[in-house]
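Q: Could you take me through the reading of a predicted chain, feature by feature, giving the general idea before each case?

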Amino acid sequence: MTISVRKAASVAVLGAALGAALTGCGGGTGTSDAGRGARLGTPAASGPASGPASAAASAAGSAPQAGAPAKPPTLAPGPNGLTPVFERAKQHTDKTVALTFDADMTSDQGPRAAGGERFDNPPLISALRTLQVPSTVFMTGRWAEEYPDQAKSIGTDPNFEVANHSYSHHAFTSPCYGLPALDGAAARADVDRAFAAFRTAGAVNTVPYFRFPGGCYDDQALRALSTAKVTAVQWDVVSGDAFATDPDAVAEQVLAGVKPGSVVVMHCTRSAAPVTEEAVRKIVPELRKRGYRFVKVSELIGK
């Protein structure tokens, strides 16, 4: 299945114009044939989470902690051991949907944050809590460093699970919406650095899932992450919330695209996605009216 975000050309254009800080999360370049094999027909595995999740548990101590997921499911490696890629639940009859939120901040945006630009969105997180919507937040390590209290709050709330969106929000393959590119060794280290930032902030409900900046990946990127023991998570529904100004349009796009087992990509970055909270308040009741149940990505992968 071709990544649906290719249809969202306007997001890519906006991203290029605005420096690709948030762009990447609304983009995607697709994969080669081997990469495609890594994401299709890969059986689910529900064994213990090795790598980042278990490392986080070890760093926090041996006793289970509030909000910490027990053995979050992952997918088996793809062909030749490539990192597996998840886009949508295989079970297409159960009316479940995962809302995912990318908490974006690139490694060089500290001065912009110091100048008052808000890369966080506390009202959105509050709305998800009020609406009781289990959600997966794909967080960059740099975001966790900038907002450690929020990272800890999200990462200790059982309503949420924290997944890895890299440390720097640099590209793992090129071209990717103008994002600087990392080579294989740097890419692997970038993932580890993000998980370390989550642990430092005190986020304990961290799961071994990774979202490529820009949604851009190829076989080389999948190979570079193979030792990280993560499942790469893409999406099948693009919300269009990046740089949007009309929450109704965002809500309509999501509602038109959601199918049983869908993964919706949205953003938790107030300056670059200012209407997401309002859109969510429209999306949630309507999908519930249609019989949908909101779940975290881990529940979809576990089906």
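A: Let us begin with burial: a residue is buried under 20% relative accessible area, exposed over 50%, and partly exposed in between, with a 1.4 Å probe and protein chains only. Helices (H or I, at least four residues) and strands (E, at least two) are DSSP runs, numbered from the N terminus. The model is predicted, so that local features need pLDDT of at least 70 and side-chain atom pairs count only at pLDDT 80 or more, while totals for chains, interfaces and linings use all residues. Residues are numbered from 1 along each chain as its sequence is written, and side-chain values use heavy atoms, with hydrogens and water left out.

Q: What is the make-up of the chain in helices, strands and buried residues?
A: The chain has 12 helices and 11 strands, and buried residues make up 55% of its 303 residues. Taking a contact as heavy atoms within 4.5 Å, residues 24 or more positions apart account for 82% of the contacts in the chain with a separation of 6 or more.

Q: Which residues of helix H10 are buried?
A: In H10, which spans residues 247-257, the buried residues are Pro247, Val250, Ala251, Val254 and Leu255. They lie on the same side of H10, because they cover an arc of only 125 degrees around the axis, the arc being that of the directions from the helix axis to the C-beta atoms. The face turned away from this buried side carries the exposed residues Glu252 and Ala256.

Q: What do the buried residues of H10 pack against, and what is found at the start of H10?
A: The buried residues of H10 pack against strand S9 (237-238), strand S10 (262-267) and helix H11 (276-289). A polar contact is a pair of N or O atoms within 3.5 Å; within protein, one must be able to donate a hydrogen and the other to accept it, and residues adjacent in sequence count only if both atoms are side-chain atoms. At the start of H10, a side-chain oxygen of aspartate 246 reaches to within 2.9 Å of the backbone nitrogen of aspartate 248.

Q: How should I read the packing of H10 with H11?
A: Two packed helices are described by the angle between their axes and the distance between the axes. Axes are lines fitted to C-alpha atoms, for helices over the stretch in contact, and angles run from 0 to 180 degrees between N-to-C directions. Here the axes of H10 and H11 come within 8 Å and cross at roughly 35 degrees. Pro247, Asp248, Val250, Ala251, Val254 and Leu255 in H10 meet Glu278, Ala279, Lys282, Ile283, Glu286 and Leu287 in H11. The residues of this contact divide into 8 nonpolar, no polar and 4 charged, where Ala, Val, Leu, Ile, Met, Phe, Trp, Tyr, Cys and Pro count as nonpolar, Asp, Glu, Lys and Arg as charged, and the others, Gly among them, as polar.

Q: Which residues are buried in helix H5?
A: In H5 (residues 122-130), Leu124, Ile125, Ala127 and Leu128 are buried. Since they cover an arc of only 160 degrees around the axis, they are on the same side of H5. These buried residues pack against strand S4 (96-103), strand S5 (135-139), helix H7 (148-155), S6, S10 and H11.

Q: Where are histidine 169 and cysteine 216 placed?
A: Histidine 169 is in the loop between strand S6 (160-164) and helix H8 (184-201); it counts as buried because its relative accessibility is 0%. A polar contact of 3.4 Å joins its side chain to that of histidine 165. Cysteine 216 lies in the loop between strand S7 (206-210) and helix H9 (219-224), and it too counts as buried, at 0% relative accessibility. The C-alpha atoms of cysteine 216 and serine 174, 42 residues apart along the chain, are separated by 7.9 Å.

Q: Which peptide bond is cis, and what is the phi of tyrosine 177 and of lysine 229?
A: Most residues other than glycine have a negative phi, and most peptide bonds are trans. A cis peptide bond, with omega about 5 degrees, joins serine 174 and proline 175. Tyrosine 177, in the loop between S6 and H8, has a positive phi of about 55 degrees and counts as partly exposed at 22% relative accessibility. Lysine 229 has a positive phi of about 60 degrees and lies in the loop between H9 and strand S8 (231-233).
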